[in-house]
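Take a look at the fold below.

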Amino acid sequence: MGRTVNQGFERIPYSWHEQIINLLAERVVIVDRDGMILYINKGYCDFIGTTVDQALGRDVQDVIANSRMHIVAKTGEKELAALQPINGSEMIANRFPLFENGEVVGALGTVMFRSPEEWRMYKSKIQHLVEELKYYQTKVQRDMKSKYSFHDLIGNSSTFLAAKKLAERISDSQSSVLLIGESGTGKELFAQAIHDNSVRCSSPFVAINCASIPEHLLESELYGYEDGAFTGAKKGGKMGQFELANEGTLFLDEIGDMPLPMQSKLLRVLQEKEVQRIGGHKSIPVDVRVIAATHRDLEKMVEDGEFRQDLFYRLNVIKIDIPPLRKRKEDIPLISISLLKKLEKRFFRKGIELSDEVMEKLMEHKWPGNIRELENVLERCINVIDGNTIQLDHLPLYLHEQQRERKMQTQSISNDNDAVSPTSIPLPLSVKPLKETVALAEKQAIQHALALTKGNKLEAAKLLEIGKTSFYEKCKLYEIK
Ligand SMILES: Nc1ncnc2c1ncn2[C@@H]1O[C@H](COP(=O)(O)OP(=O)(O)O)[C@@H](O)[C@H]1O
Ligand SMILES: [Mg+2]
């Protein structure tokens, strides 16, 4: 029998060890179970500004800032790719326990850079990625936070206070909430306040408007998709709003405009508490509280077969009716003043007041567009006043005309929703660049159409004889919600 190749082969000479360690990983430290340094290489010492002689035999915590080697030497649990702040930067460290006869006897630590070049590359390339990531994380967190609390919900009328109290009381419940109210009554504000007042407040508040998203995109918006789910799908896939809202609140605005097939899918997700991305097979568990809102009569829609009854019951666990402004007229002065304060800040103005006649007029108007309409009227006034007091002639013409019409019609129609004349576009008192005036007219035409259709955007677009997409683009441009 011949000798095998390995026989007599000398193991790595001991004298090579030091060199090899230095080549494998530039920075190495070994501690015993008490965290005393048994070995540290020169690379590590140079990096932390000490010498091997000074470091050996000392407690690792006194030599390396923020070291966790003594902990790993106790717990026996390795820590891989751990970020460790050193010298004002962050380095990546690996820490491995060392065993003898199954018992932890010490630990080996390495720093994952083998040369100063790598370190510099990390600093220039990775560090700025880490910073970028931090920036986006805080931005996303900020964007997904609710911006309003119950404190911002103004009104003292009994109908309004009842709605507000109910909303406050059920904030912490896990059940779905259905907010019913005309456009501009503050449904979104309520949803944000409920989230803000709940245990979910430090998790995301994600709002999605079922009416403004094109039907074919709604599904991927809500549930996300996997890589290659359809042509044009982003590489790597995309998270849906349900996943984004995990542990937080998902606000489904204009739920009455959700197409029937999507209603079935939504119901399934609400029942099973898990989503499947389009083109994906995995079920992803989601813990989301749903608050839905609509200005439409869902019960009637259920009767007419336009809204699924089972979904209606699922959403309607807690129903909150938000009264229209005309049913709580006593709140108009308080709300006007609070809106003026908000507008003053935006327009860098101070001390703006309403004349008594104006207040009277505001009290008379029926406000089909509710608080949003009031806000728009006041904003318009601030744009055209010269001094500090808002007078009658600063109000948009349609507020005057309505009253004239009412006076002329001795037999008043007992319809709550006064028609707003779309032809009554007021002009600013001072001459402004034509572009600005046209934009203002366009914005007001849209607002009038919305007031007429009680916030129904599709109908408003039809009235204006423009397409849905162009309508939504203009709403976005003029910040009309
Ligand atoms: N109770 C309220 N107090 C003060 N401002 C309100 C109140 N309700 C609504 N608003 C304001 O009116 C506007 C419309 O509110 P929003 O919640 O978007 O209405 P909706 O979703 O019902 O159409 C927002 O600018 C909001 O800040
Ligand atoms: Mg809304």
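Ligand 1 is surrounded by 17 residues, the closest being I154, G184, K187, R372 and E375; a residue counts as near if one of its heavy atoms lies within 4 Å. The model is predicted, so local features need pLDDT of at least 70 and side-chain atom pairs pLDDT 80 or more, while totals for chains, interfaces and linings use all residues. Residues are numbered from 1 along each chain, chains are lettered from A and ligands numbered from 1 as written, and side-chain values use heavy atoms, without hydrogens and water.

Now the polar contacts with the ligand (pairs of N or O atoms within 3.5 Å). The side chain of E375 places an N or O atom 2.7 Å from an oxygen atom of ligand 1. G186 has a polar backbone atom 3.1 Å from a ligand oxygen. K342 has a polar side-chain atom 3.3 Å from one.

Contact means heavy atoms within 4.5 Å. Helices here are DSSP runs (H or I, at least four residues). The axes, lines fitted to C-alpha atoms over the stretch in contact, come within 10 Å and cross at roughly 50 degrees.

Compare α9 (residues 215–223) and α11 (residues 260–272). Their axes come within 11 Å and cross at roughly 10 degrees. These helices are therefore roughly parallel. L218, E219, L222 and Y223 of α9 meet M262, K265, L266 and V269 of α11.

Key. Axes are lines fitted to C-alpha atoms, for helices over the stretch in contact, and angles run from 0 to 180 degrees between N-to-C directions. Helices (H or I, at least four residues) and strands (E, at least two) are DSSP runs, numbered from the N terminus. A polar contact is a pair of N or O atoms within 3.5 Å; within protein, one must be able to donate a hydrogen and the other to accept it, and residues adjacent in sequence count only if both atoms are side-chain atoms. Angles under 35 degrees count as roughly parallel, over 145 as roughly antiparallel, 65 to 115 as roughly perpendicular and the rest as oblique.
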